[in-house]
Amino acid sequence: MGRPLKTIDGHAMLGDETYLSLRPAELLRRMDAAGVDLAIARPMGAGLVVDHRAGNDLVLTAGPRIRGLASVNPWWGPAALEELLRCRDQGAVGMFLDPLRQGFFPTESIVAPLLERAAQYGWPVMIRTGAYIFADVLAVVEIARRFPSVAFIAGFGGYADMWFEMSEAIGSVGNLYLDASMLWGDGIDEIVRRHGAARVLFGSAEPRNRYRVCLRTLDRLELSDAERDAIYYGNAERLFHL
Amino acid sequence: MTRILDFHAHLDERWLHVRCDTPAHAVDALDRFEVEAACVFTIMGFYEDCRPHNDALLRRADEFPDRLIPFATVDPKQGRAAVEELQRCLANPRFRGVKFHPWLQAFAPNMLRDTMLEILHVAAQHRAPVLFHDGTPPYSTTYQIAELARWSPETTVVLGHAGSADYVNPAAELIRDLPNLYGCFCGPRPGDLVHLVEVGGAEKILFGSDFGAAGWRLLPERIDNVLEAGLDPRDLDNVLYANAARLLKLDEHPLPPGTQTSSEAGR
């Protein structure tokens, strides 16, 4: 079993958040060490929660091998939409929302204008999932039903204690995908077997997780070559229009 | 490579409708990944009458007494009967610790303060560590579990997931601040472990896998989470083996000799 033709990390994080810190140069070093060709990064910390311009600039100017997801707080209102426009012009390939850190339920009315904008731009929307308040997996399913033209990615895959919702959630709507960066192998395997490899993206959650952990987790699954190609890069190329 | 002792694993026939590994299969996985022994807990005993599940766990663990270390559980909602069941279990030296899963067992420690104090006291008398699931509201937040360590400073209390997904930073600070509070690194990721060791101290973090609640793959994944944190050799040994061996008093009370290998058990 060899490595696929290429590897795209669907979820890395740049910035500073509590005890985590990662800059583009260090992410590139880790990518090189792991044989990762391209990473999709989103801001963390203040750049995610309050200082969107700085956070988005960090991920959007990180160089050709790091592509950025724009993040805005829905409570910003019209200013959030202006920031999304600015990010699109700088080459953002999608949107990232963290309901827990940014303080909203995905189903709240303040979120709808952002999702309409994502649909207009053809962006996938990654939403952090796994916490019971705000970042509820089933709340993401609800907005996936309301916005069927938008691809939603369950960031962190319900980690930790909403993992048992993920497989049914992905089965209940056709436009929800798994970010495999934090889910354990058996959980990923169940989704591949029940719903197909087209619904799963390789991700690292660097710097919280490590490339080597995530790659070895996937390596232990008995994936066909086609499944590996889809998970390691094919699905990311399709969803992020790379 | 340092020695490995898994402080958080499960050994039961099933989890709800899903069948779990047999003792022989569990030990086979320990062999494959060079894990010397594992502390094993019930699963269905968190949902049902504890006493028969404690007995069943002991029978399963006794198939490999040199590898599987049973922890008892009791239902504190039963009041005095829970304390008596704990005394019954800990009178058997095979039980080396106590496990609670307040989320699944449907209690918040504050709801049952008097009983929990008695339970913590009994555990302290037997020098048995008490491991709690943590990181999950509404009954198992890391703060809720840390309160138990404050109530009973003579009892060794272990955060079963060292904060899990969202409570890692509080866990690190509470482990640092409370001498009798430890963290089982079971679920968080390498970047979290670096922080737990820096703040909480390498002598207070123990490796755990949760293996047995899911399939064999979880064991190497969780070992990878430790190995990829880049700890220095001494800290790595503390986390993977030495701290658990100390809490289990393996120097004073070594595990009994085994009677069979996993292949002899007919896996």
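Predicted model: local features only at pLDDT ≥ 70, side-chain atom pairs only at ≥ 80, totals over all residues.
Start with strand β1 of chain A, residues 8-17. Of its 10 residues, 9 are buried, so the strand is largely enclosed by the rest of the structure. In it, A:Asp16 has A:Ser21 as its bridge partner. The hairpin of β1(A) and β2(A) has 2 residues between the strands, and A:Thr18 takes a positive phi near 55 degrees.

The largest pocket holds about 1,100 Å³ of space. It is lined by 45 residues, and the closest to its centre are A:Trp163, A:Phe164, A:Trp184, B:Trp15 and B:Ala213. Which element gives the most to this lining? That is α9(A), with 6 residues. By class, the lining has 22 nonpolar, 12 polar and 11 charged residues.

The second largest pocket holds about 360 Å³. Among its 20 lining residues, the closest to the centre are A:Glu17, A:Arg101, A:Arg128, B:Ala165 and B:Asp166. Here we meet the opening strand again: β1, β3 and α5 of chain A, along with α7 of chain B, each supply at least two lining residues. The largest share, 3 residues, comes from α7(B). By class, this lining has 10 nonpolar, 2 polar and 8 charged residues.

Key. Residues numbered from 1 in each chain as written. Chains lettered and ligands numbered in written order. Heavy atoms only, no water. Buried < 20%, exposed > 50% of the residue type's maximum accessible area, 1.4 Å probe, protein only. Helix = DSSP H or I, 4+ residues; strand = E, 2+ residues; numbered from the N terminus. Pairing = 2+ DSSP bridges. 1 Å grid on protein atoms, 1.4 Å probe; cavity = no way out; pocket = protein on both sides within 12 Å on 5 of 7 lines; lining within 4 Å. Points joined across faces, edges and corners; volume = space filled by probe spheres on them. Nonpolar A, V, L, I, M, F, W, Y, C, P; charged D, E, K, R; others polar.
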